[in-house]
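Trainee: I'm new to this one. Could you show me how to read a helix and a core?

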Amino acid sequence: MNEFIQHIINGISMGAIYALIALGYTMVYGILQFINFAHADIYMVGAFASYYLARFFQLGEHPHWSWFFIALGLSTLVCALLGFAIEKIAYRPLRKSPKLNILITAIGVSLFLEYAGQLLFGVDPKLFPPLLTESVLFSIGGINVMSLDVIILGISILAMFVLHRVVYHSKLGKAMRAVSQNSTVAAMLGISIDRVISFTFILGSSLAGIAAVLVGMRYPKIEPMMGMLMGTKAFVAAVLGGIGSLPGAVLGGLIMGLSEEMVVGYLQSTYRDALSFGILIVILIFKPTGLLGTKRIEKV
Amino acid sequence: MSNNKLLEIKEISIQFGGLKAVDRFSMDLESGELAGLIGPNGAGKTTVFNLLTGVYSPQTGSIDLEGQPIHRKKTFEISRLGIARTFQNIRLFKDLSVLDNILLGQHHRTQYGIWQVVLQTPGFQREEAQKKEEALELLKIFNLEKKQSAPAGALPYGEQRKLEILRALATKPKLLLLDEPAAGMNHSETTGLMEIISMIRERFNLTILLIEHDMKFVMKICEKIHVLDHGVKIAEGIPSYIQNHAEVIKAYLGTDEELH
């Protein structure tokens, strides 16, 4: 029983990270109806940005709260700028082209970041420095609640809360939904479509930047290809929850994190990565719109 | 002509493939005027609206709003300069609430930035409250304030038309373009619409240009009428002049039935 609860805690904290990244996929899809394949590579760049920051100032030798928040801020900033730049340079000129063109471009940007990363950061994995001292925060009946899990969950919830406020309780969120429903009409109401789309990329990429530091502390091995597997899993989480739906991305992420943890705990850890693909196949067969997704009726 | 010209369209043209949708079209609108744009189906009326709102850019010619050229500007910039419109087929944000549809029209006049949203500053809250108040004022014009939280798509047809007009008004336009406002309305609804148009024109100091197929409606409400046929302007003048204009009658299939 204790073991089971321990797995639940691990699963939720990993699920929260998947959710953060899945939100980025789902927001861009919601507004532009395409999958930003470069999203997970933005996350990778965020991880390296905070790695180099930590190495330069040798933060890992004296773990401290403030280092953690500085790294978090830098990673978020770098990712936000990168997401903004990618949209402006690579996707915006193709706004009026067929969806397939922009999709292929996204794959191109993803490959570019991965191989540029190998060139700049090196192919071999790096060790992400501990920014905080890992400790047992409290234990109940033999279950150890680690400080890291609480931090991961706390930061994720805070980020999601801010996102919720922005999307559901401000003009920016309303504009995002208006642009996703009918961008021409939105423009006729004085809404700058370019700004709303830039803003969506900045928001989604910032969440990836937060996730990058959280993952770096949990699984301290980082390398330029780290986005591939993480990206696939977060994407499956977004599809599972219903692509385009924000609550769906969070739900999908949690289910993904928990089920992976259960596979590791009770089946075989080697099946862990196969699970996401299994979930994707099942969801595409039985509920292609995802758990919370709604069917989009395409007007022909 | 007097010098309080609001809109000046000079010889604009646009071609789609081999088709000249609008061909050297010119038109002036005086400030405060209520004008009609009529013509047979496919004459290019909606294309003129699309050119005015920046959906298309004219290939030749110019459009000036208050002396400022707008024909190279983007749609959202033109909206901010004061041109708003409604659509032939209603285009509300159906999943959003009635209130949110109006608030979107006020979008660009809100000042707050992202940090104020995140931190929920008093300034942000004050501004949100004030915009909501303004939106409710607008909704009261057509007694829609009680339905503010309903999804716009759930309103009956007539109310959706009204809401679309209100949403356009929320952008604080100088020029309001109405694309077939009477479409799908019966006689008494059309009469009601005429009153509404006169009322909002008065209250918001508007200049109005409308496209309409209901000739009785057009002849009764418009002070000046511009007639398009195959993208070319064939006549312009007061209703009584247009009604008896030989070329206009010919354009409408050689009968004058529709015009009286």
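Predicted model: local features only at pLDDT ≥ 70, side-chain atom pairs only at ≥ 80, totals over all residues.

Trainee: How many residues does helix H5 of chain B have, and what does it reach from its first C-alpha to its last?

Mentor: H5(B) runs over residues 122-141, which makes 20 residues, and it reaches 29 Å, close to the 28 Å expected.

Trainee: Which residues of H5(B) are buried?

Mentor: Start with the general idea: an α-helix has 3.6 residues a turn, so residues three or four places apart point the same way. Here the buried ones are Phe124(B), Lys131(B), Ala135(B), Leu138(B) and Leu139(B). They cover an arc of only 100° around the axis, so they sit on the same side of H5(B). Their cover includes helices H3 (98-106), H4 (114-119) and H6 (157-170) of chain B. The face turned away from that side carries exposed residues, among them Gln125(B), Arg126(B), Glu133(B) and Lys140(B).

Trainee: And Thr47(B), is that buried or exposed?

Mentor: Thr47(B) has 21 other C-beta atoms within 10 Å, and 20 or more counts as buried, so Thr47(B) is buried. Thr47(B) lies in helix H1 (residues 45-52) of chain B. Beyond its sequence neighbours up to four places away, Thr47(B) touches Ile14(B), Ala21(B) and Val22(B). Val22(B) is 25 residues from Thr47(B) in sequence, yet 7.2 Å away in space, C-alpha to C-alpha.

Trainee: Which residues have the most contacts inside the largest nonpolar core?

Mentor: In soluble globular proteins, nonpolar side chains tend to be buried together. In this model the largest nonpolar core has 165 residues, with Ile21(A) and Ala211(A) having the most contacts inside it. Helix H1 (residues 2-32) of chain A gives the most to this core, 15 residues.

How values were computed:
Residues numbered from 1 in each chain as written. Chains lettered and ligands numbered in written order. Helix = DSSP H or I, 4+ residues; strand = E, 2+ residues; numbered from the N terminus. Expected span 1.5 Å × (residues − 1). Buried ≥ 20, exposed ≤ 12 C-beta atoms within 10 Å, placed from the backbone. Arc of directions from axis to C-beta. Contact = placed C-beta atoms within 7 Å. Core = buried A, V, L, I, M, F, W, Y, C linked by C-beta atoms within 7 Å.
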